[in-house]
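Please look through the model shown below with its aromatic residues and one of its sheets in mind. The paragraphs that follow lead from ring to ring and then to the strands.

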Amino acid sequence: MAGRRRLLLRMVLGALALAGALGAVALAPAGAQRTQSAPTRQAQPQAPAQQQAAQPPATPFLRVEAGQHTAAVMRLSVDAGGGLLATASLDKTVRLWSPEDGTARGVLRVPIGGRGEGELFAVALTPDGRRAFAAGWTGYSWDRRISLYVFDVARGEMIGRLPNLPAAVNHIAISADGARVALALAAQGIVVLNAANGQPLFQDRNYRGPARMAVFDRTGRLAVSSADGTVRLYDAQHRKIAEAAPVANARPYGVAFSPDGALVAVGYEDQLRVDVLMAADLRIAYSPVVSGLSGEALPVVAFGHDDRGGLQLFAGGYARNAGGDFVVRRWGDFGFGRPVDVPVARDAISQLLTLPGGGVAFATHDPGWGRIAPDGTVGLAAESPSMEFRGIHRGRLAVSADGAVIEFGTRLNGANPLRFDLHERRLSPATGGRDLVAPITQAQGYALRNWDDADQPSLNNRRLVLGQGEFSRSATIVPGTGHVLLGTDTHLRLFDVNGRELANREAPGTVWGVAPSADGKLALAALGDGTLRWFDLAGPEPLAERAALFVHADGQRWVMWTPEGFFDHSDRGGNDLVGVHLNRGAGQAPEWVSFAQVYRSLYAPAILRARLLGDPAPAQARLAELGDIRGKIDNYPRVSVARVCVQGDEGCSEIQANGRARLPSGARSVEITLDITDRGLGIGAVDVFVNDRNRGRIQLANPPQAGARTRQAVVAELDPGENNVQVRVYDGGNDLFAASRAIQLQTDADLSPAAGQHQAGRLFVLAVGVDKYRNASLNLRFAGADARSFAELVRAQSAGLFRETAVRLLLDEDATTSNIVSALEAIARAAAPDDTFFLYMAGHGIRSGLDGRFLFLSHDVADLSSHQAVARQALTERNLIGALARIRARNGFLFIDTCYSGAVTLDNLANIGHETGRYMLAASSSVQEALDSYDNKNGVMAYALREAFAGRAPRDEEGIVSSLSLGEFVARRVPVLAREKRHAQEAVFKTALRELRAFPIARVAAAQGGGQPAPGR
């Protein structure tokens, strides 16, 4: 597990000298050793043909967005006040954070392309935190030169670029006065620019190797380290005042000034050594003790002070303790004191950064970042949102014959495996069953060697040719085909038994594991970006991707998608974990649209299932139906927050809410002024979401014309405690929405009851059941019984959980559209934030032929002559969502038990939960008769609810059934019960929340009568 290549792979050694110096930088240093980390892209990558037109590719890129970095974090920067931290990563994003508690503050995106294009090696914030600069392998694919990107931090957008840099940028430093930007380049030395206008101020090309890092001191002096063995010092007028090679035949990497500017600390990329130099002439003053450390080098250094005014020296990189953890060594007293090793990571440490408030921040390849507090403890641990797939072939990776069931390790070397079953849409602990095929690396007739972390794999004594600098990381023999599949740092490669390459495919991350299906028709791959992906091994396009799966490190949330973008996600969320990146131009801010924003168009579990199982026809048909999705995304509305103010007796007092804001005591609402732009698709509904719940839907009285902007104020009623407020603005067809930046607001302390105290407020229940319609041909038999059964069960088993329970039952002639809406409005008037409400609807539901929206057929429906006629009589989805949005209760649960000969799908029903932000449990049947009865008393979903309330759903030690346990139990139980009656009926349970907040539903005793449900009516 050697480590020198870790920091150098992409950021330094893969970066090219461009414009007349191509190939001048070696791929790897002499003697560099392999590590677990993926190696660099090839030293001279060939830009794809579509990227030669001086513009970024227009192709949409489907990318994971897990709220944290999914690839190595390379660099850090902090503003002068220490309130904002920026991180740059190989995942092609810059992220903004609160350094104190790690709260995410935003994402900055750059134009990207294939392979390494867009990988970011460096970032710097201006001292005031208003602008950010980022670069790395940026712009070369279309410009044949490197660009430095500039961002407006408050807007969270790229506002320009400085093109034509001669080489990739390894490090960026900004002077203390914010006037100058210094760039350490992979070739041709350093460049210093005017921070205001980008004009060059100074360049020193007289470097014999890559410049590694650059740092300013408070007086404007600039120190630069270089792989040519030297450290250089420039004064504020850019005159070189000192140059030294501290250690013969060593390569300086990290460099840091002491706070008073008298000392310069240096770390080395090839030495387990740190030196402290006198800044005046760069002579070695002393060398802190490094005994007791193992590892290849200590490349990164920083000074940091404690809370008593003492100064410490920190170093890290590849140093490890006896347990294999990567450590930061901390010396007291400028580096003279006793050293203490602080374990912080599972992979290499790529930078240490002095924090103004004391201590240091660290960046890791885990990926992640963290903070060492002034007292030397870990104040904030590095966290990764991804499963750890390195070495997965040494543990568990396996796939079923049809590809729908897989097992995969979630920790290093394939430990702690999980099982994912697409048929059941569920994660569970792995069983290790023999029905799944694991990687096959030994078989008669196959001498497969040197494939595990090697650059010269062979098959039957024939070398399998890889690209320059490419290492093999995984392999499998493909059953029944005579083929071998290799996974490398950059590709999947399929070879025949004679070693001839049959196909290759660029991978979005290191391919740590590959496993074939039993028939050899597909393969499962575990990638370094945290995804599991399925690839065809046969057919007209070998290695074409079928589907991808990302499972969050929490082991609960997952999202799965097809190459076309159709997706499904876990009941506990996940629809915001992936999105679409669209480039707009070489100097324009890219567009980012999460799956949550295009939910109506692309949420399609049935299409995804068909695609994975080898049938692309449903996906193709749906694409034809949707039309130009790229065009819609290009033209969907734009929304920005212009003003936030607190409503009070004396008017609206403006507050600054760029990060977190604490509201005055007693404040319970804010007014948000929005700038809304119609970019061609019109403006539809405007929703105000507070803590992921829809707290108000409005329609603009005077929407802007195409291309124009209007200003609109909305009011957000807040919860006690923490509030995350965001506004969604839909296009004219209400198909996709633009989201404003999130606003974090803190009101008075949370008023909810303490842990264990469940009596939070009142419970409001509206149960609707329609058996008798004005048009008798629609009549049912048990919808009313289902609604009555639900109401009685809730009334009986909510006792003691709520201060009061109010149940309203609307059946048959009473279940008119106006009565349903009036009942919801009555709940909206009465419910307070600490209350809970349930809505149960049983009857016919259809998918409107006008706009594809859900319609609940109330008793009113008589005229079935046209979709327009039905929509005029029924309860429309828009009216339902609007009414639900006015209910202030923090906790809500929607139960939708409908059928109408398969006309409504689970995809349609899931939209309701998504747009209300409420827990939703829905059942949809492919045959009308399935609703009529399971046991001559209730339909399938109502029967499953009876089972749950009878004690079969999981509950805590107090007998409390939560919203999560109820939803998950019923969703799993409905298809089982339906199959018993030879019907195909599914159910969907959605939480629609980023932060899961389970709430109590009922208190139940142990399962009655051996698990039989309580009697229904």
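In this predicted model, F895 is buried, with a relative accessible area of 0%, and F893 is likewise buried, its relative accessible area being 0%. Both residues belong to one aromatic cluster, which is formed by F790, F838, Y840, F893, F895, Y919, F989 and F999.

A search of the whole structure finds 22 aromatic pairs. Among them is the pair of F420 and W558, whose ring centres are 5.0 Å apart and whose planes stand at 75°, so that this pair is edge-to-face. Because F420 lies in strand 32 (residues 418–421) and W558 in strand 45 (residues 558–561), the pair ties together parts that are 138 residues apart in sequence. Both F420 and W558 are buried. F893 and F895, by contrast, form a stacked aromatic pair, with 4.4 Å from centre to centre and 10° between the planes.

Rings also meet charged side chains: R109 lies over the face of W592, at 3.9 Å from the ring centre, while the charged end of R232 sits over the ring of Y207, 3.7 Å from its centre.

Turning to the strands, an open sheet of four strands has the order 14-15-16-17, and its pairing is antiparallel. Strand 14 (211–216) and strand 17 (240–244) stand at the edges with a single partner strand each, and therefore one side of each is left without a neighbour in the sheet. From one strand to the next, the twist averages 15°. Strand 14 is joined to strand 15 (residues 222–226) by five bridges, the two running antiparallel, and A214 stands opposite V224 in strand 15.

Conventions:
Residues are numbered from 1 along each chain as its sequence is written. This is a predicted model: local features need pLDDT of at least 70, side-chain atom pairs count only at pLDDT 80 or more; totals for chains, interfaces and linings use all residues. Side-chain values use heavy atoms; hydrogens and water are left out. Two strands pair if DSSP finds at least two bridges between them. Axes are lines fitted to C-alpha atoms, for helices over the stretch in contact, and angles run from 0 to 180 degrees between N-to-C directions. Rings of Phe, Tyr and Trp (its six-membered ring) pair if their centres lie within 6.5 Å; planes under 30 degrees apart count as stacked, over 60 as edge-to-face and the rest as tilted. Buried means under 20% relative accessible area, exposed over 50%, partly exposed in between (1.4 Å probe, protein chains only). A charge sits over a ring if NZ of Lys or CZ of Arg is within 6 Å of the ring centre and within 35 degrees of the ring normal.
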